[in-house]
Amino acid sequence: MESLQRHRSLYKGTTPPWKETYRKRCVERLKSRRSRLLDRYRNLGEGLKCGGPATSLIVQEVMAEEWTALRSEDGRLPSLWGPGGIAEMHDVVKDHDELAVLAEIQQELLSREMSIIEEYERNQEFEQQYISSVVDGLEEALVICPTCRTSYLNISSHFISCPCGLYINTKMKNITADVLRNLLESRVTEHMEDCPYNAVFSLASDATSSRNLLISCKACDYLAIVL
């Protein structure tokens with residue numbers, strides 16, 4: 001408790017000097033744990049959603065790890081989880097606005113965590129809608145263009161085209177609407193298994209100047225040939 005009393009006397013009535021450093025480090029660590037956060041979110045599924053907005057997946061872990069790292073640089077800082085547990089930390093900070101500082105940082109991290117999850121959910125919904133539009137179509141022979149996502153493709157025995165400018169020579173490839181639909185669905189699903197961001201479709205020419213349909217993602221460097 002002697003070290004805690006010394007800590008008390010250092011910053012009485014002032015903003016703790018470690019606030020901004022600690023906050024920035026927590027934010028950066030949360031960003032770096034994005035994949036772990038989404039893994040936990042997917043594993044918990046509906047159980048987490050029922051827990052409400054106060055439920056945190058990784059914030060407490062991030063704050064504890066960064067506080068430990070900060071303490072290794074400044075031994076005057078108390079342990080958040082010392083022999084007295086969290087109650088000990090509350091005893092330390094209640095006189096200095098430090099508890100308010102920690103609560104403020106925690107709230108910011110919770111908001112950022114929720115933003116990551118919401119972005120993931122939006123991307124999942126977008127991808128699922130596209131898969132549904134590709135698979136279902138208005139009619140069996142219709143496939144929505146993967147590049148413009150508004151017009152339907154013209155699929156013949158020799159080429160695939162779209163009013164947006166897409167044109168691919170498919171002579172000798174036996175590409176039907178069903179075959180193309182399965183190729184598109186397969187690539188989109190493959191990308192979604194490892195990355196929450198939206199992939200995009202584009203055209204590229206190979207060494208023989210033939211045009212290929214590609215799917216790629218800048219976020220995870222995913223790249224594959226669809227057709």
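The legends below describe views of a predicted model.

Residues are numbered from 1 along each chain as its sequence is written. Local features need pLDDT of at least 70 and side-chain atom pairs count only at pLDDT 80 or more, while totals for chains, interfaces and linings use all residues; side-chain values use heavy atoms, with hydrogens and water left out.

View 1. Helices (H or I, at least four residues) and strands (E, at least two) are DSSP runs, numbered from the N terminus. Along the sequence, the pattern reads α-α-α-α-α-α-α-β-β-β-α-β-β-β. The chain has 227 residues, and 38% of them count as buried. Buried means under 20% relative accessible area, exposed means over 50%, and partly exposed lies in between (1.4 Å probe, protein chains only).

**View 2. Three strands form an open sheet in the order β1-β2-β3.** The pairing is antiparallel. Two strands pair if DSSP finds at least two bridges between them. The edge strands are β1 (154-155) and β3 (167-169), and each pairs on one side only. Strand β2 covers residues 159-161, and two bridges join β1 to β2. Here Asn154 stands opposite Ser161 in β2. Strands of a sheet pair through backbone hydrogen bonds, either parallel or antiparallel.

**View 3. Lys19 and Glu104 meet in a salt bridge.** A salt bridge puts a side-chain nitrogen of Lys or Arg within 4 Å of a carboxyl oxygen of Asp or Glu. For this pair, the N to O distance is 3.3 Å. Lys19 lies in helix α2 (residues 19-32) and Glu104 in helix α7 (residues 98-136), so the pair ties together parts 85 residues apart in sequence. Lys19 counts as buried, at 18% relative accessibility. Glu104 is partly exposed, at 43%.

**View 4. Glu108 and Arg23 form a salt bridge.** The N to O distance is 2.7 Å. Glu108 sits in helix α7 and Arg23 in helix α2, 85 residues apart. Arg23 counts as buried at 19% relative accessibility. Glu108 counts as partly exposed at 22%.

**View 5. Arg36 forms a salt bridge with Glu61.** Their closest N and O atoms are 2.6 Å apart. Arg36 belongs to helix α3 (residues 34-44) and Glu61 to helix α5 (residues 59-73), so the pair ties together parts 25 residues apart in sequence. Arg36 is partly exposed, with a relative accessible area of 36%. A network of salt bridges links Arg29, Arg33, Arg36, Arg40, Glu61, Glu65 and Glu66. The whole structure has 16 salt bridges.
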